Amino acid sequence: MSGTSAALQPPADAVKPVRHPDAPAPGELLGAHYDQCFGCGGEQLHGLHLEARAGEGVSITAEFTVQPAHQGAPGLAHGGVLASALDETLGSLNWLLRTIAVTGRLETDFVRPVPVGTVLYLAAEVTAVAGRKIYSSATGRIGAPDGPVALRADALFIEVKVDHFVQNGRPEEIRAAMDDPDQVRRARAFEVNP
């Protein structure tokens, strides 16, 4: 992305990201990391219901359909909803690294309006890792994976421990997620949200 702030430029000692050996296989649907997540959760009535698939290397593709509840101006997606879709997509990359991380910074360029009813195709990749910092970028396209670019983003995620969520989340939701007998769902519940 041109004009990216200095905070999103990886330092000289950054390394190329390495896909975790236990990461989902390319093409595999990642599924919701938490049922109540606004971005990917199936139990969120007005959520994005974004579906992400593992790609090659440390990349993913995702898509969602802009619903009437996602409007900002009449008939057009709200910019905050589009930024949420980018954030969800970029955050899902951390599952390929098997790293718990939260959004530290997200810079978004809105290139063209996205009408209600549009399927937005997103592609994201981790570009570099420097200590606890994970640098990534994403593009959203209208109507097809090679359709017109509607938005772009660069992001910085910061690796955290599960304690970050335990200390800052509402106790009843934290307890319910921690008590989930499904070990993978339990781990994924704490994977991407700040």
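**Salt bridge, cores and buried sites in a predicted model**

A search of the whole structure finds one salt bridge (a side-chain nitrogen of Lys or Arg within 4 Å of a carboxyl oxygen of Asp or Glu). This is a predicted model, in which local features need pLDDT of at least 70 and side-chain atom pairs count only at pLDDT 80 or more, while totals for chains, interfaces and linings use all residues. Residues are numbered from 1 along each chain as its sequence is written, and side-chain values use heavy atoms, with hydrogens and water left out.

Q: Which residue forms a salt bridge with Arg105?
A: Arg105 is partly exposed, at a relative accessible area of 36%; partly exposed lies between buried (under 20% relative accessible area) and exposed (over 50%), with a 1.4 Å probe and protein chains only. The closest N and O atoms of the pair are 3.0 Å apart, and the partner is Glu107.

Q: In what order do the elements of the chain run from the N terminus on?
A: Helices (H or I, at least four residues) and strands (E, at least two) are DSSP runs, numbered from the N terminus. The chain has five helices and six strands. Their order is β-β-α-α-β-β-β-β-α-α-α.

Q: How many residues does the largest nonpolar core have?
A: A nonpolar core is a set of buried Ala, Val, Leu, Ile, Met, Phe, Trp, Tyr and Cys residues joined through side-chain atoms within 4.5 Å. In the largest one, the residues with the most contacts inside the core are Leu50, Phe64, Leu90, Val114, Leu120 and Leu122. Strand S1 (51-54), strand S2 (59-65), helix H1 (79-92), helix H2 (94-97), S4, strand S5 (133-142) and strand S6 (149-159) each give two or more residues to this core. Apart from it lies another core of six residues, Leu8 and Ile158 among them, whereas the largest has 36 residues.

Q: Is H1 largely enclosed or exposed?
A: The end C-alpha atoms of H1 are 20 Å apart, which agrees with the 20 Å its 14 residues should span at 1.5 Å a residue (the expected span is 1.5 Å times one less than the number of residues). Its buried residues include Val81, Leu86 and Leu90, and what covers the buried residues includes S2, H2, S3, S4, S5 and S6. Ten of the 14 residues are buried, so H1 is largely enclosed.

Q: At what distance does the side chain of Thr118 reach the backbone oxygen of Pro115?
A: Thr118 sits in the loop between strand S3 (101-110) and strand S4 (119-130), and at 10% relative accessibility it counts as buried. Not counting residues up to four places away in sequence, Thr118 touches Phe64, Thr65, Val66, Ile142 and Gly143, contact meaning heavy atoms within 4.5 Å. The side chain of Thr118 reaches the backbone oxygen of Pro115 at 2.7 Å.

Q: What separates the C-alpha atoms of Ala155 and Ser136?
A: Ala155 is in strand S6 and is buried, with a relative accessible area of 2%. Leaving aside neighbours within four places in sequence, the contacts of Ala155 include Leu8, Leu90, Arg105 and Ser136. Ala155 and Ser136 are 19 residues apart along the chain, and their C-alpha atoms are separated by 5.3 Å.

Q: What percentage of the contacts with a separation of 6 or more comes from residues 24 or more positions apart?
A: One contact set that leaves out neighbours within four places is that of Phe64, which includes Leu48, Val81 and Thr118. Over the chain, residues 24 or more positions apart account for a share of the contacts with a separation of 6 or more that comes to 66%.

Key: Polar contact = N/O pair within 3.5 Å; in protein donor to acceptor, adjacent residues only side chain to side chain.
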